[in-house]
Structure formats: C-alpha cells, structure tokens
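Please read the points below with the model open beside them.

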Amino acid sequence: MNRGRGVGAGISAGAALLGFAAAGVLVVRHGGGGLPVDVDVHSWAVAHRPAVGVATARAVTATGTGVVPYLLALLAGCLAVRGTRPRLWAAAVAAAVLACGQAVRYGVLTLIARPRPPVDGWATHADGWSFPSGHTSTSAIAAGLVAAAVLLRSRRAAGPVVAAAGCWAVLVGLTRAYLGVHWFTDVVAGWLFATAWLGACAWAALRFLPGIVGGPPRGSLRNPPRNPARNTKARRPRRPLG
C-alpha cells in the first residue's frame with residue numbers, strides 16, 4: 001500500500017512540477033509581462049470591485065500569509081498522529097515543510113523576477129516580485145497538510161475538512177488576482193508549486209517514514225486479531241441421530 005501511495009505522490013509531484021516549469025518558461029519568454037489571459041482577468045477584476053467585494057477579498061487574502069498558515073500546519077501535525085511526543089514532533093515537521101516550501105518558492109521568485117501588474121490597479125498592499133504568488137502557494141501548502149492529516153486519522157470524516165481547506169486555498173489565490181497584485185498565471189503557478197512540493201514531501205515521507213504515514217500496522221486496534229481462545233476451544237462432538 002505504501003509503495004502505491006508513494007508512486008501516486010511521485011506522479012502528482014512530477015506532473016505539477018512540469019506544469020510549473022512550463023508556466024515559468026512561458027512567462028520568461030513573454031518578457032515577464034502579463035499574458036493575454038492575465039490582462040483579461042486583471043481588466044475584469046479592476047472593473048468589478050464593489051466596496052463589499054474588496055473588503056471581503058482583503059479579509060480572505062490576509063489569512064494566506066503570516067500566522068494563520070503556520071497555525072494550520074501545527075494543527076495538521078497534531079492531528080496526524082497520537083500521543084504527546086509524536087504530536088510535537090509531527091507539528092514541527094509540518095511547520096518545517098511549510099517553511100522550506102516558502103524558502104524554495106522565494107528562490108524561484110527571485111530567479112524569475114517577474115514584475116507585478118501595474119500599481120494603479122492594486123486594491124491592497126504588496127511588494128516584491130510576482131511569480132509565483134506567495135499567498136497562493138503558502139495557503140495551498142497549509143491546506144494540503146491539513147487535508148493529509150485528516151485523511152490519515154479518519155477518511156470517513158475527512159470529506160468536509162478537505163473540502164473546506166481546499167476552498168480556502170482556492171479563494172486566497174483568487175483574491176490575489178482580484179485585488180490586482182498578481183497576474184492570474186502567478187496564482188496558477190502558486191497552486192502548481194504547492195502541489196509539486198506537497199507531492200515531493202509525501203513521497204519522501206512514504207519512502208523514509210512508512211510506519212508513521214502508511215497507516216496503522218497489522219494487529220493494531222483498528223484491526224484487532226481474533227480471539228485465539230475461540231479457535232482453540234474443543235468442539236463438543238455431536239450425538240448421533242437415532
């Protein structure tokens with residue numbers, strides 16, 4: 001089972017990485033400016049900004065960086081395993097996955113050095129380069145950690161939590177384009193980067209920590225062994241009919 005999951009995680013990471021690389025090459029070849037789809041989305045966002053929409057987008061986008069993603073990462077670590085010491089260790093690992101992902105993204109951000117959209121279209125504060133979106137990738141990584149932790153604990157109850165985490169990450173990304181501080185391809189690249197990073201981390205965990213992330217071992221409480229006493233009891237011989 002772990003081998004199959006590892007292969008799936010590796011395939012997901014590879015596919016997302018290829019998509020991310022293709023987006024980066026496209027941006028560089030275009031000179032770093034907005035692609036046609038970027039210009040269309042940016043123009044639409046600037047033309048459709050009621051006060052309520054802007055206030056809501058600012059509130060949502062603020063959760064995509066800073067304390068909130070790290071709180072979610074720590075929560076994911078605590079949910080993934082049982083016991084005080086294992087939970088502390090898992091929480092630290094989850095926070096490290098998020099922090100290292102941000103560091104790698106920053107390196108790519110500096111390497112590509114894509115300018116942001118024109119400042120006159122911004123509806124919130126921003127600084128630095130544009131590709132990939134930091135809020136988008138950070139929130140997506142945090143959401144992925146929460147989803148993975150819940151799936152490890154209880155797949156039956158995971159559906160609503162996974163859906164909520166995914167919707168939050170998608171909304172954070174969309175607000176970056178709506179508020180005009182990122183091109184739409186920056187947002188898509190942020191999702192692809194997060195998928196590739198989470199897939200790579202999942203592959204590494206399944207490869208090197210199979211006893212922790214591979215599910216309960218045989219003979220655990222979830223699959224208790226049958227009572228051996230029942231199998232050793234001698235059956236009474238049946239009396240012959242007649």
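**Notes on the predicted model**

1. The protein chain has 10 helices and zero strands; helices (H or I, at least four residues) and strands (E, at least two) are DSSP runs, numbered from the N terminus. Read from the N terminus on, the elements run α-α-α-α-α-α-α-α-α-α.

2. On sources: this is a predicted model, in which local features need pLDDT of at least 70 and side-chain atom pairs count only at pLDDT 80 or more, while totals for chains, interfaces and linings use all residues. Residues are numbered from 1 along each chain as its sequence is written, and side-chain values use heavy atoms, with hydrogens and water left out.

3. Of the 242 residues in the protein chain, 37% are buried. Buried means under 20% relative accessible area, exposed means over 50%, and partly exposed is in between (1.4 Å probe, protein chains only). Among contacts with a separation of 6 or more, 79% join residues 24 or more positions apart; a contact means heavy atoms within 4.5 Å.

4. How do helix α4 and α6 pack? The axes of helix α4 (residues 67–80) and α6 are 8 Å apart, at an angle of about 15 degrees. Axes here are lines fitted to C-alpha atoms, for helices over the stretch in contact, and angles run from 0 to 180 degrees between N-to-C directions. α4 and α6 are therefore roughly parallel to each other; angles under 35 degrees count as roughly parallel, over 145 as roughly antiparallel, 65 to 115 as roughly perpendicular and the rest as oblique. Their crossing is left-handed, a term for the near helix being turned anticlockwise from the far one by less than a right angle, with right-handed used if clockwise.

5. The α4 side of this contact includes Pro69, Leu72 and Cys78, and the α6 side includes Thr138, Val146 and Arg153. By class, the contact of α4 with α6 has 13 nonpolar, one polar and one charged residues. Here Ala, Val, Leu, Ile, Met, Phe, Trp, Tyr, Cys and Pro count as nonpolar, Asp, Glu, Lys and Arg as charged, and the others, Gly among them, as polar.

6. Helix α5 (residues 84–112) also packs on α6: their axes come within 10 Å and cross at roughly 155 degrees. That angle makes α5 roughly antiparallel to α6. The crossing of α5 and α6 is right-handed. Residues that meet here include Arg87, Val97 and Gln102 in α5, and Ser137, Ile141 and Arg153 in α6. By class, this contact has six nonpolar, five polar and three charged residues.

7. Two residues of α6 deserve a look. His135 lies in helix α6 (residues 134–153) and counts as buried because its relative accessibility is 17%. Leaving aside neighbours within four places in sequence, His135 is in contact with Thr61, Gly64, Thr65, Val172 and Arg176. Ala147, also in α6, is buried at a relative accessible area of 12%.

8. How many disulfides does a search of the whole structure find? The search finds zero, a disulfide being a pair of cysteine sulfur atoms within 2.5 Å. For Cys201, the nearest cysteine sulfur is that of Cys100, 7.8 Å away. Cys201 counts as partly exposed, at 22% relative accessibility. Cys167 is partly exposed as well, with a relative accessible area of 48%.
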